[in-house]
Amino acid sequence: MSSAGPLQTFPDALSSRDAWLDPFDWYAEMRATSPVRRDPDRGCWDVFSYADVKAVLGDDETFSTDPRNATGFQARGEEAFMLETMLFQDPPKHDRTRDVVDEFFRPSAVKSLEPFVEAETNRLLDEAMADADGGEVDLVEALAYPIPVIVIAKMLGVPAEDRAQFKQWSDTIVEGTAGDGEGDAEALQQRQMEAGMELANYFRDLIADRRDDPREDLVTRIVQADADMTETELLGFCMLLLVAGNVTTTNLVANTVRCFADADHWPRSGLETTVEEALRYRSPVQAMTRVAREDVTLAGQRVEEGDTLVCWLGSANRDGAQFADADAFVPDRRPNQHLGFGYGTHYCLGAPLARLEATVALRELLGRFEVTPAWDELRPVRSSFIYGVESLPVRLTER
Ligand code: HEM
């Protein structure tokens, strides 16, 4: 996922590091006082309640996902390739693009990756323990960070030796300037442009290779698709699949462990519902944007054609009107119709994969080790829509 579109800056209320680490009180206040409001500083609307977020995401006729429909939209160079992906396409074009890879991401197809995810998790844990001082490891660096790249790289057909470089590119592309007030926005923009170009070159070579030498992988599927895709679309496709699942899944794994620590609950079974609850309670993607295609009234507010709306998934997921005991982490919560993977047409393509990776990684981790939190202060990920922590130190003791 990219921050393409107008979600470049945080609302003032979330601009400090502590506020972004725990935005939930602010969300609650906003749901109570101004569930749909216009922020003149950012020139966009914020949507906070479950019902309104779901209504916006579920209505492709009224709300577009293409930021180019926004009044005053200005493209940032490094985002150009992302704009040509399904994430920013409306139906019917969106549906044709998504169909190309849909079958690779169905739960049944993803299930076949389970032995691979399990083996890679254990390899990473062995490596981490071999280097660990007194069993202390950073769970983000050791496990949550590498596992999604390893898996998507395999699915795409990217050789294992390139994955460290991959991780770096994909992180740079989603990095934002919000979160801790540090960093020079221009320098970041420059780095993002370079990373985007390097990644594009890499995929260009891989695409050419698969045209001549087809294999059983996603890149081959994409180049063979009869979908009239331009070169930019082909590239965007590959890059979206690489980028969308990495930081998000990393943070799902880390956020779930944070939930376990807060609740002092370290489950060895029932992980499926627990991961689902972590997606609700500490949603890795906190916000998504849409653009109004026509004038529309939302929660009594007059939204005009071309206005941008920021839909706060993280707030919708804590809405007491939808969830009983919304501010409690309830590991066996059922039903749990959270919006952590979005809703409607753009509902996360990789949801079955992310669920599998998180469940298997945590199952292996908790099956082998007793996990003791070893962090004092956490630093939020520097992004304006990804929610998670930079690192998560824990002590692992073999069972
Ligand atoms: C915990 C992990 C993940 C979270 C929280 C997450 C979240 C989301 C959300 C909220 C959307 C909706 C975007 C919108 O409505 O504008 C989305 C879309 C998408 N996600 Fe994920 N995602 C995760 C993992 C993955 C993975 C592993 C992949 C693939 C490898 C992936 C690929 C995609 C794609 C391609 C879309 C666009 C779908 C479309 O436009 O139809 N995601 N994701």
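## Helix packing and cysteines

Helix 15 (residues 271–281) packs against helix 17 (residues 351–368) at an angle of about 120 degrees, the two axes lying 10 Å apart. This is a predicted model, in which local features need pLDDT of at least 70 and side-chain atom pairs count only at pLDDT 80 or more, while totals for chains, interfaces and linings use all residues. Residues are numbered from 1 along each chain as its sequence is written, and side-chain values use heavy atoms, with hydrogens and water left out.

On the helix 15 side the contact (heavy atoms within 4.5 Å) is made by L271, E272, V275 and E276, and on the helix 17 side by R355, A358, T359, L362 and R363. By class, these residues divide into four nonpolar, one polar and four charged.

A second pair is formed by helix 9 and helix 14, where P148, V149 and I152 of helix 9 meet N246, T249 and T250 of helix 14. This contact has three nonpolar, three polar and no charged residues.

| Helix pair | Angle | Axis separation |
|---|---|---|
| Helix 15 and helix 17 | about 120 degrees | 10 Å |
| Helix 9 and helix 14 | about 140 degrees | 8 Å |

Turning to the cysteines, the count comes to zero disulfides, a disulfide being a pair of cysteine sulfur atoms within 2.5 Å. The sulfur of C44 has its closest cysteine sulfur in C311, 10 Å away, which is too far for a bond.

Note on methods
Axes fitted to C-alpha atoms, helices over the stretch in contact; angles between N-to-C directions. Helix = DSSP H or I, 4+ residues; strand = E, 2+ residues; numbered from the N terminus. Nonpolar A, V, L, I, M, F, W, Y, C, P; charged D, E, K, R; others polar.
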